[in-house]
Amino acid sequence: MSSTPAPNCAPGRLESRAACYLQAASARSGRDLVDNVGLAGRGADEGRGIRIEPLGAGDWPAVAAIYEAGIATGHATFETTVPDWPAWDAAHLADHRLVARDDGRVVGWVALAPVSDRRVYVGVAEDSIYVAPDARGRGVGRALLTAVIASAERGGIWTIQTGIFPENQASVRLHQACGFRMVGVRERLGRLHGRWRDVLLLERRSPAITG
Ligand SMILES: CC(C)(COP(=O)(O)OP(=O)(O)OC[C@H]1O[C@@H](n2cnc3c(N)ncnc32)[C@H](O)[C@@H]1OP(=O)(O)O)[C@@H](O)C(=O)NCCC(=O)NCCS
């Protein structure tokens, strides 16, 4: 994951940050970003052999370890510690949580959480997606996100949203590749380790749910 700030997105030019972050995402070559996270070696076999399956309580130790590695990047989430299983379980939708297994080993996970308990937002959820460091750049994230989008549509969820730090271009690109659009920049939304962070809001409105 890139840790390089987007160019020209300095404090004081907040009004142009959305355009700036978007330009940065499209201007950087895939090679630059790939090099930042050691993705050399992406090939025709990426994603092959990966099984996407429901996430169960027995997967929690592996899921928690992958979550912890994501937190350690400093660009994945405002969370600084992994919750315990009961807390995580209560916060996420039971029907929309998946793991990716490579030869039986959990190498990634995705889950949806409700954004509100208001009735009108019953079909709006937020995704979390984490891939083990040694499994990134092989199509695991795309396979997981594609699968949870399908699961959401089957379950009547019409919008999936996500908040992404601008520095996390791997996640921005992954979501855009799966049909998410950039809604905008939420400026200095929260502090992580004492530093104010912007958060990009992206969403995918299902074209399949119209009725
Ligand atoms: C973000 C993350 C989930 C991506 O998962 P992944 O398995 O590495 O992604 P994939 O290999 O499936 O890539 C899918 C698409 O994402 C984009 N992408 C992924 N990694 C990228 C990188 N380092 N640089 C640029 N684009 C990247 C590409 O568009 C890619 O499409 P392509 O296959 O046509 O090249 C993974 O990097 C991760 O777990 N990061 C740490 C936790 C985190 O940040 N989670 C997201 C919180 S918002």
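Let me begin with Pro133, which sits in the loop between strand S4 (124–131) and helix H5 (140–154). Helices (H or I, at least four residues) and strands (E, at least two) are DSSP runs, numbered from the N terminus. Residues are numbered from 1 along each chain as its sequence is written. This is a predicted model, in which local features need pLDDT of at least 70 and side-chain atom pairs count only at pLDDT 80 or more, while totals for chains, interfaces and linings use all residues.

Seven strands form an open sheet with mixed pairing, in the order S1-S2-S3-S4-S5-S7-S6; two strands pair if DSSP finds at least two bridges between them. Strand S1 (50–54) and strand S6 (181–192) are the edge strands, each pairing on one side only.

Within the sheet, strand S2 (residues 97–102) pairs with strand S3 (residues 105–114) in the antiparallel sense, over six bridges. Here Val99 stands opposite Trp109 in S3.

Finally, the helix over these strands. Helix H3 (residues 60–72) lies across S2, S3 and S4 and runs at about 80° to S3. Contact means C-beta atoms, placed from the backbone, within 7 Å; axes are lines fitted to C-alpha atoms, for helices over the stretch in contact, and angles run from 0 to 180 degrees between N-to-C directions.

How values were computed:
Contact = placed C-beta atoms within 7 Å.
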